[in-house]
Amino acid sequence: MDSILDKTEEKMQKAIANLESRFINVRAGRANPAMLDGIMVEYYGTPTPIKSLANISVPEARQLMIKPFDRSCLSAIEKAIFEANLGVTPNNNGECVFIVIPALTEERRKDLVKQVKSIAEEGKIALRNIRQEANTSLKNLELPEDEEKKGNNLVQDLINEYNKIIDEKLKEKESELMNI
């Protein structure tokens, strides 16, 4: 029974980590190098992560600077960012690519809050699925009824704990999005 609980908690931690990584991609009008994660640049015919080709820094709160190690891939980086459809326009000065993050309107902020709430709900659904899986595993062990009930209660305590974590992270992200 302990191994089932350990596996369940491990899966719940992974669900929280996934939620956090998805929250990072919802930008709040501030520059964050993580928003470029997943962008692949065509470099000598091979899709290459942008982080492997350049240093990414934040010179100002709403600006990203991407300085490639090899200047010849500057236009390819610019093109990849443009095609990633991030809602930003890259500019280059011959040495670096700059991205200015536009200020968010009130309406756009509310849309982002809705998006974040939907991501949080997906996280809670993942936790419920993990709970269901754990309860089924406990049932398959054919334990005495009181042991099975004890196991189910422990799984429920875990899900309550992780749901609280999701709620806290959601509140944090909402306040980040709504602050101007």
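A: Buried means under 20% relative accessible area, exposed over 50%, and partly exposed in between, with a 1.4 Å probe and protein chains only. This is a predicted model, in which local features need pLDDT of at least 70, side-chain atom pairs count only at pLDDT 80 or more, and totals for chains, interfaces and linings use all residues. Residues are numbered from 1 along each chain as its sequence is written, and side-chain values use heavy atoms, with hydrogens and water left out.

Q: Is Lys173 buried or exposed?
A: Lys173 has 8% relative accessibility, so this residue counts as buried.

Q: Which residue forms a salt bridge with Lys173?
A: Side chains of opposite charge can pair when their charged atoms come close. A salt bridge needs a side-chain nitrogen of Lys or Arg within 4 Å of a carboxyl oxygen of Asp or Glu. The partner of Lys173 is Glu176, with the closest N and O atoms 3.3 Å apart. Both belong to helix H5, three residues apart, so about one helical turn separates them. Glu176 is partly exposed, at 28% relative accessible area.

Q: How many salt bridges are there?
A: The count is eleven salt bridges. One of them joins Asp37 and Lys51, at 2.8 Å from N to O. That pair links distant parts of the chain, 14 residues apart: Asp37 sits in the loop between helix H1 (2-24) and strand E1 (40-43), and Lys51 in helix H2 (residues 50-53). Helices (H or I, at least four residues) and strands (E, at least two) are DSSP runs, numbered from the N terminus. Asp37 is partly exposed, at 40% relative accessibility.

Q: Which parts does the salt bridge of Asp167 and Lys124 tie together?
A: The N to O distance in this pair is 2.7 Å. Asp167 is in helix H5 and Lys124 in helix H4, so the bridge ties together parts 43 residues apart in sequence. Lys124 is buried at 17%, while Asp167 is partly exposed at 32%.

Q: How do the axes of H4 and H5 cross?
A: Axes are lines fitted to C-alpha atoms, for helices over the stretch in contact, and angles run from 0 to 180 degrees between N-to-C directions. Helix H4 (residues 106-140) and helix H5 (residues 145-178) have axes that come within 10 Å and cross at roughly 170°. They are therefore roughly antiparallel (under 35 degrees is roughly parallel, over 145 roughly antiparallel, 65 to 115 roughly perpendicular, the rest oblique).
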